Amino acid sequence: MTDDAVATCTQDIVAPIIFIPGIMGSRLRRTSDGEVVWNPGIDGWEQLGNTADLFTRGAGRKRNRLVGDSGSYFDKDFLEVAHRSDGGIEDRGWTGMLPTYSRVRNLLNGEKHGYVNGCLVFTKLVLWFYPYNWTGSNLDSARDPQNAAYGNLETVIARAAADAKEQAEQLGRQAVKPIIVTHSMGGLVARAFTEIMGKGDQVHGVIHGAMPTHGSPELYKRIKGGFEGLTKGVLGGNGPEVTATAGNCPGPLELAPNKWYKGAGGRSDWISAVVANGSNQSIPRSDPYSEVYRNQSDYWRLIIKEWLNPVGDPSGDFAYIQYLSRIAVASGFHDALGEHGFHPNTRMFYGTGLTTRDRIDWTLQRLNGALPASGTFSGEYTTSNEFGRMRVRGTPDPGFSGLYGGHIVMSGPNAPGDGTVQAGAGSHSGQMAVPIDDGFEHQAAFDSRAAREQTLAWLSEMIEEMAV
């Protein structure tokens, strides 16, 4: 390399990274008294009594801890992020995070090296986490302080940029503009910040991992039949428990498929419901909010209103009015983002190695004889489990005296994805999106070696775009 070439080489760099986790990736406490309600520790479960409450109590108890007592309804300020330190500024938000993001800490923090513009450059990645109240709207999660000391996303990005500049001056390096990296629902928080709030110029670019771009039918399944794994213990393992928790919270509801949803095969309808005469109806035809989310007459409706506040409002009449307010927030959020609400410098990776629901097919299982061929199905629940099974009755033609019981049963996973988000969320996003087929599970997306390598490659590209 000549002296002239050396003289034009890029200097070493300090790059601030802001990582935004997925749903349930942040520790939460009640704002009023500081009691922690979701607190998995780094070295095992801390404050096990609080966590055990969520695992062992029913729908009413779970609702009390995440939404409020039976006489109250959702309040975005009911919970806040629970940092172990006094606000989390000194540790850059690390102590407000779930321990499952330990690989992210190793990946996006510390000294890296590589070639930029043909020069060997050492880059110090400085990682800031942005934990948030995942029960609230993703717009509120970006816009509002997540506790009084840590501030909102704009504040954290500004601190990260200032900190990088100070470190760069001390090290004789160049500080570059912040870059956001997200997991799952954190991508919606980032998009709310850059697109709805209009703050995209504060970051150079955004890298999304396993984002439910326009929602996921798995959210529908889980409200109807329950979550699995760790989340099952918190938000619920059956329809009544999940309706009482996630059904009252705009954040989870914003994960439902919106009007721009496309499955892995490109279809926008994502429910097939068996109806009279055994025929099937494709849903939604145009509007998921009226046909599914606000629907109270058909068995494929998202919400059973009696389950929203089982202790305080068993009839569900007032609870349903409150729920409609939450759905209005979700619908407004989807409309504000629109079909193409992305930072102009966006990259995404998505999983293809696990079968995942990109649609819900309801099928009829007859019991004790055949349902009348011209029967309709009332959709009255007598049971709900993780398979989304429910018992219904057939209404016969006039003059037919018999009633026969049966089950309408939800289909299982049927498309490529990561077990939670189907591949269409990436392939039909309209953004630079790379499939990863190593079979990573949604929550563990950044445990995938291929995903980590792809993320670092994109970071290198973005840093090279800024380096001088």
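In the predicted model, Asp144 has a relative accessible area of 17%, below the 20% cut-off, and is therefore classed as buried. The residue is found in the loop between helices H5 and H6. With neighbours within four places in sequence set aside, Asp144 is in contact with Lys76, Tyr130, Gly151 and Asn152.

Asn152 belongs to that loop as well, which runs between helix H5 (138-143) and helix H6 (153-171). Asn152 counts as buried because its relative accessibility is 13%, where the limit for a buried residue is under 20%. Residues up to four places away in sequence not being counted, Asn152 touches Tyr130, Ala142, Arg143, Asp144 and Pro145. Tyr132 is 20 residues from Asn152 in sequence, and the C-alpha atoms of Asn152 and Tyr132 are 8.8 Å apart in space.

Strand E12 covers residues 271-274. In a regular strand, side chains alternate between the two faces of the sheet. In E12, Ile271 and Ala273 point one way, while Ser272 and Val274 point the other way. All four of these residues, on either side of the strand, are buried. E12 pairs with strand E13 (residues 280-283) in the antiparallel sense, over four bridges.

Salt bridges were examined next. Side chains of opposite charge can pair when their charged atoms come close. The structure holds 23 salt bridges. One of them joins the side chains of Arg30 and Asp33, with an N to O distance of 2.9 Å. Arg30 is buried, its relative accessible area being 15%, whereas Asp33 is partly exposed at 49%. Arg30 and Asp33 are also members of a network of salt bridges that links Arg30, Asp33, Glu35 and Arg65.

A salt bridge is also formed by Arg173 and Glu111, whose closest N and O atoms are 2.8 Å apart. Arg173 lies in the loop between H6 and strand E9 (174-175), and Glu111 lies in strand E7 (residues 110-116), so the pair ties together parts of the chain that are 62 residues apart in sequence. Arg173 counts as buried, at 17% relative accessibility. Glu111, at 44% relative accessibility, counts as partly exposed.

The side chains of Asp335 and Lys259 meet in another salt bridge, at 3.1 Å from N to O. This pair links distant parts of the chain, 76 residues apart: Asp335 is in helix H13 (residues 317-337), and Lys259 is in the loop between helix H11 (250-253) and E12. Asp335 is partly exposed, with a relative accessible area of 39%. Lys259 likewise counts as partly exposed, at 39% relative accessibility.

Terms used:
Residues numbered from 1 in each chain as written. Predicted model: local features only at pLDDT ≥ 70, side-chain atom pairs only at ≥ 80, totals over all residues. Heavy atoms only, no water. Helix = DSSP H or I, 4+ residues; strand = E, 2+ residues; numbered from the N terminus. Buried < 20%, exposed > 50% of the residue type's maximum accessible area, 1.4 Å probe, protein only. Contact = heavy atoms within 4.5 Å. Pairing = 2+ DSSP bridges. Salt bridge = Lys/Arg side-chain N within 4 Å of Asp/Glu carboxyl O.
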